[in-house]
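I opened my notebook and went through the chain piece by piece. These are my entries, in the order I made them.

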Amino acid sequence: MRLTKTEPAAGEGKAVANRGISPFLLTLLVGVFIFAAHNLTFWSRLSAVFPDQTVSFTLFALTIFAAQMFLITLASPRWLQRPMLAFLLVLGAVSSFYQDTLGTTIDRDMIQNAMTTTVTESKHLITFPLALHVILFGLLPAAIVLFVPIRRAGVLPATAGWVGALVLYVAITTASLYSDAKNLMGAGREHQEVVTAIQPFNPANAIYSYAKMMLRKPTVVQPFGRDAKPSIMLAAVDKPVLVLIWAGETARAQNWGLNGYERETTPELRKRGVVNFNDVTACGTATATSLPCMFSHLRRTEYSFDGGLSHENLLDVMSHAGFKVEWWDNNTGDKDIAKRQTSTFISTRSTPEYCDRGECIDGIFLDLIREKAETITENTVLVLHQIGSHGPSYFLRYPEDQAVFSPACETSEVANCSPEELRNGYDNTLLYSDKVMAASIDILNATDRVIPMVFYASDHGESLGENGLYLHGAPWFMAPLEQIKVPMMVWLSDRFQQSLGISMACLSQRSAEPLSHDNIFSSILGLADIATEVRNPALDLTTGCRNTES
């Protein structure tokens, strides 16, 4: 039997070719969906800016929508259309979930923080509600975009249509903006929190900015503080000086007992007579920014990613002065601060006593401190990077049997906990940090092999639901005090005070002064009695406190 090919009826081939959605309409529908479904926080903030101004509200929204459509269209010509629209849908779904549920703004610093985190830390942010949200508002719409038939025209007509759409959106943006220019432009300048809430282009721009930053020519590290050397009293000591620096994580000043908090979250440090500085401002609101800034000579207003990498830091300067430097990490790494020093992830030890829930709590540091205090033979700096009070899984930061404040939030979905449960869990983390740091003081005070001091500062604070914000990482211009005010304290052993001529009483006279992370670089050099031109007396808390006659 012979098979013959059946020819389509006249006009049938043309009809098949004309089936499907037009590229213009597909992009428009995706843009409308994103603007409506991924921008709940934007709509809420815009309503607060224009509560009784329907016309201005509508014109502002129309301006943003048309500008967004211009950018979406520009980024998705012809064959890039499907993958780009699918990408923006998934990106918007992910970022809108965190913004709508936790109040998180996705900017370059937040992308940097995400890229430098660990699997252990990030897994707590991947929850069932997130997965469901991304499936419904990202993956399913993206699948439709990838498989829906599109009616394609020839190259020249398609290009003309694409350019025409761009011109149309520019015209709409311009017309809507300038119909109420003074009001709309003023709102954009004065209420940046509205602009930074726009999905998905705020996170898309953040990804672009981060990639641009990371793809720059490798930074050449400039020598800094190479003149550093032991000053008179440090040079005269007869035992190794041990500078123990606790680099805290996510402790906020408002819940710090030594700052006058209504709960006693620091009873053990209080008993050790530490000097607490109760008005300290952080350099940033996320670890990726604040931690390197803490160890940099640059002030917050001067600090940048490139600037921090392009100069040697506090640990390098102390190394130049003859100190052996070691970084021990129970968090997300040293952020290149200890790149030229010894850096170790102590969580790889997996000590059952401290690591029985898949992560290690900060008590794991104590045996290491004990071992080091009995074996060092030279001036040494130990930096201990805590897991501290890192959220959202606060309940994993302290032993289960030490949950003093209860009931405590015991889920990473913090927005589902009551304010009291959330505060209880968070306060338990501070109580445990207090216990661990006090124990480190006792260990060092009990040995006569070293001349020890302990310094502590948190990298940034934390929001616990105030004004709808959770966790940290808010852009500086809109960051609440809960995220930028941090605890800072110092303890000097009697041997340290006598040998290096600094009294705790003198330091305590500055405990109520407005201070910041800017003070750390010069103050640590001052405490350790390191002479160098890069030490800034105006920022050194020991200025005027050293008794060179002792």
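**The cysteine pairs**

I began with two cysteines: Cys 506 is buried, and Cys 545 is buried too. I note at once that the model is a predicted one. A disulfide joins Cys 506 to Cys 545, with 1.9 Å from S to S. I looked up the angle about the S-S bond and found -85°, a left-handed link. The pair ties distant parts of the chain together. Cys 506 sits in helix 22 (residues 504-508), while Cys 545 lies in the segment after strand 12 (530-531), 39 residues apart.

I reminded myself what such a link is. A disulfide is a covalent bond between the sulfur atoms of two cysteines.

How many disulfides does the structure hold? I found 4. Counting bonded cysteines along the chain, I get the pattern 1-2, 3-4, 5-6, 7-8.

Next I took Cys 409 and Cys 417. They are joined by a disulfide, S to S 2.0 Å. The angle about the S-S bond is 65°, and the link is right-handed. Are these cysteines buried or exposed? Cys 409 has 3% relative accessibility, so I count Cys 409 as buried. Cys 417 has 12% relative accessibility, and therefore Cys 417 counts as buried as well. The cut-off I used for buried is under 20%.

Then I turned to Cys 355 and Cys 360. A disulfide links them, S to S 2.0 Å. The link is right-handed, with 105° about the S-S bond. Both cysteines of this pair are buried.

In what order do the strands of the open sheet lie? I wrote down 5-4-6-2-7-10-3-11 for its 8 strands, and the pairing is mixed. The edges are strand 5 (342-345) and strand 11 (515-516), each pairing on one side only.

A reminder for myself on pairing: strands of a sheet pair through backbone hydrogen bonds, either parallel or antiparallel.

Strand 4 (residues 324-329) pairs with strand 5 in the parallel sense, over 4 bridges. Here Asp 329 stands opposite Phe 345 in strand 5.

Strand 4 also runs parallel to strand 6, and 6 bridges join the two. I found Lys 324 opposite Thr 380 in strand 6.

Strand 6 pairs with strand 2 as well, in the parallel sense over 6 bridges. Ala 247 stands opposite His 385 in strand 6.

**A closer look at strand 6**

Why do I call strand 6 largely enclosed by the rest of the structure? I call it that because 6 of its 6 residues are buried.

I checked which way the side chains point. In a regular strand the side chains alternate between the two faces of the sheet. In strand 6, Thr 380, Leu 382 and Leu 384 point one way. Val 381, Val 383 and His 385 point the other way. All of these residues are buried.

What lies across this part of the sheet? I found helix 18 (residues 365-373) lying across strand 2 (241-248), strand 4 and strand 6 (380-385). Helix 18 runs at about 165° to strand 4.

**Two helices together**

I moved to helix 2 (residues 23-37) and helix 8 (residues 128-147). Their axes come within 12 Å and cross at roughly 175°. Angles over 145 degrees count as roughly antiparallel, so helix 2 is roughly antiparallel to helix 8.

Which residues meet there? From helix 2 I listed Leu 26, Val 30, Phe 33 and Ala 37. From helix 8 I listed Phe 137, Pro 141 and Val 145. I sorted the residues of this contact: 7 are nonpolar, none are polar and none are charged.

**The whole chain**

I finished with the totals. The chain has 23 helices and 12 strands. Its C-alpha trace spans about 105 × 60 × 50 Å along the principal axes. Of the 550 residues, 54% are buried.

I also looked at how contacts reach along the sequence. Among contacts between residues at least 6 apart in sequence, 79% join residues at least 24 apart.

Note on methods
Residues numbered from 1 in each chain as written. Predicted model: local features only at pLDDT ≥ 70, side-chain atom pairs only at ≥ 80, totals over all residues. Heavy atoms only, no water. Axes fitted to C-alpha atoms, helices over the stretch in contact; angles between N-to-C directions. Parallel < 35°, antiparallel > 145°, perpendicular 65-115°, else oblique. Contact = heavy atoms within 4.5 Å. Nonpolar A, V, L, I, M, F, W, Y, C, P; charged D, E, K, R; others polar. Pairing = 2+ DSSP bridges. Disulfide = S-S within 2.5 Å. Buried < 20%, exposed > 50% of the residue type's maximum accessible area, 1.4 Å probe, protein only.
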